[in-house]
Amino acid sequence: MILASASPRRKELLSLITADFRVVISGTDETCAVKDPRSLVRLLAERKAYSVAEKYPGETVIGADTVVEADGEVFGKPKDEADARRMLGRLSGCTHFVHTGVCVVRGEKHLAKTFTTKVRFRKLADGEIDLYLKQEDVTDKAGAYAIQGPAAKFVEGIDGCFFNVVGLPVSGLYGMLQELEG
Ligand SMILES: Cc1cn([C@H]2C[C@H](O)[C@@H](COP(=O)(O)OP(=O)(O)OP(=O)(O)O)O2)c(=O)[nH]c1=O
C-alpha cells in the first residue's frame, strides 16, 4: 500500500490501520477552481492519489486533503503569519467544519469520499492567538491550527471523527479499504 502524502500526521494515522505501507509524495498542484469545499477536498484527494497511482500500477494508493470551512469561507494552509492570524480570528467563538477528502485507488477500482467533522471553538481572549502562533508552527495546518497540539484548549466540542480533523478519518478510511476488498 502507498500513502501519497507528505503529512507526518497522515503517516501516523495510517499506521493505526496497517504497518504495511510506504510513503510516496505526490507533489501535486493544489490550485483548483472548485468552490464547494466538500467537492474540492475529494477532487484534490483524487488528484494526489492518481498522480502516484499512475507511476505504481497495481498498488493500492491513498490520497487525502483537508480544509476548514467557516461561515462559507474555505481555509487551507495559511500563506503567512498575518493570514494565520486572520483565520484564527475568524474561528474564535465559531462553530466550523473540517472536511477531509479521501481517495483510494487500486488498479481499475477507485473510491473517493468526503468526511466532515464539526468543531466548536470558544471565544479566544486578546493575546491568545499571538501566544498560540509562538507555540505552534501552523504553516502546514489547514485553518492555521492543530487540534492535536496546544489549540486543543480552544476546542469546546467536536461532532464527528477527531482523526478526520488531524488529516485522515481512520475508521472512514478503514471502511473504504474494506469496501474495495469486497
Ligand atoms: C485542522 C487541522 C489540520 N491539520 C493538518 C492535516 C494536513 O496535514 C494539513 C492540511 O493540509 P493538506 O493540504 O490536506 O495536506 P498536506 O499538504 O499536509 O500533505 P499532503 O498534501 O502531502 O497529503 O493540516 C492538522 O494536523 N490538525 C488540525 O487540527
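Biologist: How do the residues of the shell around the ligand divide into nonpolar, polar and charged?

Modeller: Please bear in mind that this is a predicted model. The shell around the ligand comprises 23 residues, and the closest are Ser5, Ala6, Ser7, Ile147 and Gly167. By class, the residues of this shell are ten nonpolar, six polar and seven charged.

Biologist: Which element gives the most to the shell around the ligand?

Modeller: Two or more residues of the shell come from each of helix 1 (8-14), strand 3 (60-70) and helix 5 (162-166). The element that gives the most, with four residues, is strand 3.

Biologist: Is Gly63 buried or exposed?

Modeller: Gly63 belongs to strand 3. Leaving out residues up to four places away in sequence, Gly63 touches Ala4, Ser5, Ser26, Ala45, Glu46, Lys48, Ala49 and Cys103. A residue counts as buried when 20 or more other C-beta atoms lie within 10 Å of its own. Gly63 has 27 C-beta neighbours inside 10 Å and is therefore buried.

Biologist: What separates the C-alpha atoms of Gly63 and Arg47?

Modeller: Gly63 and Arg47 are 16 residues apart along the chain. In the model, the separation of their C-alpha atoms is 7.8 Å.

Biologist: Which element gives the most to the largest nonpolar core?

Modeller: The largest nonpolar core has 44 residues, and those with the most contacts inside it are Ala49, Val61, Ile62 and Val102. With seven residues, the element that gives the most to this core is helix 2 (residues 37-53).

Biologist: Which residues are in contact with Ala49, leaving aside its neighbours within four places in sequence?

Modeller: Ala49 is one of the residues with the most contacts inside the largest nonpolar core. With neighbours within four places in sequence set aside, its contacts are Ala4, Val61, Ile62, Gly63, Cys103, Val104 and Val105.

Biologist: On how many bridges does the pairing of strand 5 and strand 6 rest?

Modeller: Strand 5 also pairs with strand 3, in the antiparallel sense and over ten bridges; there, Thr66 has Thr100 of strand 5 as its bridge partner. Strand 5 and strand 6 form a hairpin with two residues between them, and Gly107 in the turn has a positive phi of about 60 degrees. Within this pair, Thr95 is the bridge partner of Arg120, and Val105 stands opposite His110. Strand 5 and strand 6 run antiparallel, and the number of bridges joining them is twelve.

Biologist: Which residue in strand 7 is the bridge partner of Phe121?

Modeller: Strand 6 and strand 7 (residues 155-159) run antiparallel and are joined by four bridges. In strand 7, the partner of Phe121 is Val155.

Biologist: Why do the buried residues of helix 3 lie on the same side of the helix?

Modeller: Helix 3 (residues 81-91) has Ala84, Met87, Leu88 and Leu91 as its buried residues. They lie on the same side of helix 3 because the arc they cover around the axis is only 95 degrees. The elements against which they pack are strand 3, strand 4 (73-75), strand 5 (95-106), strand 6 (109-121) and helix 4 (128-135).

Biologist: Which residue with a positive phi follows helix 3?

Modeller: The phi of this residue is near 70 degrees. The residue that follows helix 3 is Gly93.

Biologist: Is Asp71 buried or exposed?

Modeller: Asp71 is located in the loop between strand 3 and strand 4. Its phi is positive, near 50 degrees, although Asp71 is a residue other than glycine. The C-alpha atoms of Asp71 and Arg90, 19 residues apart along the chain, are 8.9 Å from each other. A residue with 12 or fewer other C-beta atoms within 10 Å counts as exposed, and Asp71, with 9, is therefore exposed.

Biologist: Is Ala144 buried or exposed?

Modeller: Ala144 is in the loop between helix 4 and strand 7. Although not a glycine, Ala144 has a positive phi of about 65 degrees. Because Ala144 has 27 C-beta neighbours inside 10 Å, it counts as buried.

Methods. Residues numbered from 1 in each chain as written. Predicted model: local features only at pLDDT ≥ 70, side-chain atom pairs only at ≥ 80, totals over all residues. Near = placed C-beta within 6 Å. Nonpolar A, V, L, I, M, F, W, Y, C, P; charged D, E, K, R; others polar. Arc of directions from axis to C-beta. Contact = placed C-beta atoms within 7 Å. Core = buried A, V, L, I, M, F, W, Y, C linked by C-beta atoms within 7 Å. Pairing = 2+ DSSP bridges.
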